[in-house]
Amino acid sequence: MSLNLDFSVVLERWPLFLDGAVMTLKLAFMAILIGGAIGTLCAVGRGSNNRFVAGFCTVYVETIRNTPLLVQIFLVYFGLASIGFKFSAFSVAAAALAINVGAYTAEIIRAGFESIPPSQIEAAEGLALSRFQIYWHVILLPAIEKVYPSLTSQFVLLMLASSVTSQISAEELTAVANYVQSDTYRAFETYILVALAYIGLSLVLRAVFWSLGLVLFPRRRRLGTPL
């Protein structure tokens, strides 16, 4: 059997792929912003002296990390619909992805918290810094700086995992690919192009995080290692 590849019929639909790529990036950035905030609050909550807050955050993190993303998406999508709340597929997909990445972000940031030497906190207390100043300048910012490479990798993985949202008809890149291959009967060519598109999107995200690292972490900028 000979393999007869014809990319022309697939490339004719490049506007659809472009729209799908833009939708994928929108989903990723929205989930990263919301999930990053959730993860940071959860990481702080897990170290709280309040047993209810710490327990709630622990249950949330362990539940999300031990269930498949697709199941979580279905729970949010069909769960909200069953109680009368109807949202667009994009909104549900962004919410499900944010909830998912929030749990992983919480664990990464918590690891950063644990890397801060207790003597550093004691020194800050000796300088009469307020509790907020200690948490912000001595714990949170240095912790995020230490785990920034892990965070960026997790966020890139989130963007790739957004392909699962095609199962609820979110019109991102994989959903577009499914439509194009069913219309052109050129599945191999379609998914080759989509794989290349995801590689390109990953490189774009890494470039964005590299630039952000240069801005946020002056010390890393001096060392030349923002990621």
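An angle over 145 degrees between two axes counts as roughly antiparallel, and an angle under 35 degrees as roughly parallel. The model examined here is predicted.

**Exercise 1.** Determine how helices H2 and H8 are oriented to each other.

*Solution.* 
Step 1. Locate the two elements: H2 covers residues 14–46 and H8 covers residues 173–184.
Step 2. Read the geometry: the helices pack at an angle of about 155°, and their axes lie 7 Å apart.
Step 3. Compare with the cut-off: angles over 145 degrees count as roughly antiparallel. H2 and H8 are therefore roughly antiparallel to each other.

**Exercise 2.** State which residues form the contact of H2 with H8, and describe this contact by class.

*Solution.* 
Step 1. H2 contributes Leu16, Phe17, Gly20, Ala21 and Thr24.
Step 2. H8 contributes Leu173, Val176, Ala177, Tyr179 and Val180.
Step 3. Sorted by class, the contact of H2 with H8 has eight nonpolar residues, two polar ones and no charged ones.

**Exercise 3.** Which residues of H8 are buried, and what covers them?

*Solution.* 
Step 1. The buried residues of H8 are Leu173, Thr174, Ala175, Val176, Ala177, Val180 and Thr184.
Step 2. Their cover includes helix H1 (8–11), H2 and helix H9 (187–216).

**Exercise 4.** Is proline 142 buried or exposed, and which residues does proline 142 touch?

*Solution.* 
Step 1. Proline 142 lies in helix H7, residues 131–161.
Step 2. Buried means under 20% relative accessible area. Proline 142 has 17%, and is therefore buried.
Step 3. Leaving aside residues up to four places away in sequence, proline 142 touches Ile116, Trp136 and His137.
Step 4. The C-alpha atoms of proline 142 and isoleucine 116 are separated by 7.7 Å, although these residues are 26 residues apart along the chain.

**Exercise 5.** Summarise the protein chain as a whole.

*Solution.* 
Step 1. The protein chain has 10 helices and zero strands.
Step 2. Of its 227 residues, 39% are buried.

Terms used: Residues numbered from 1 in each chain as written. Predicted model: local features only at pLDDT ≥ 70, side-chain atom pairs only at ≥ 80, totals over all residues. Heavy atoms only, no water. Axes fitted to C-alpha atoms, helices over the stretch in contact; angles between N-to-C directions. Helix = DSSP H or I, 4+ residues; strand = E, 2+ residues; numbered from the N terminus. Parallel < 35°, antiparallel > 145°, perpendicular 65-115°, else oblique. Contact = heavy atoms within 4.5 Å. Nonpolar A, V, L, I, M, F, W, Y, C, P; charged D, E, K, R; others polar. Buried < 20%, exposed > 50% of the residue type's maximum accessible area, 1.4 Å probe, protein only.
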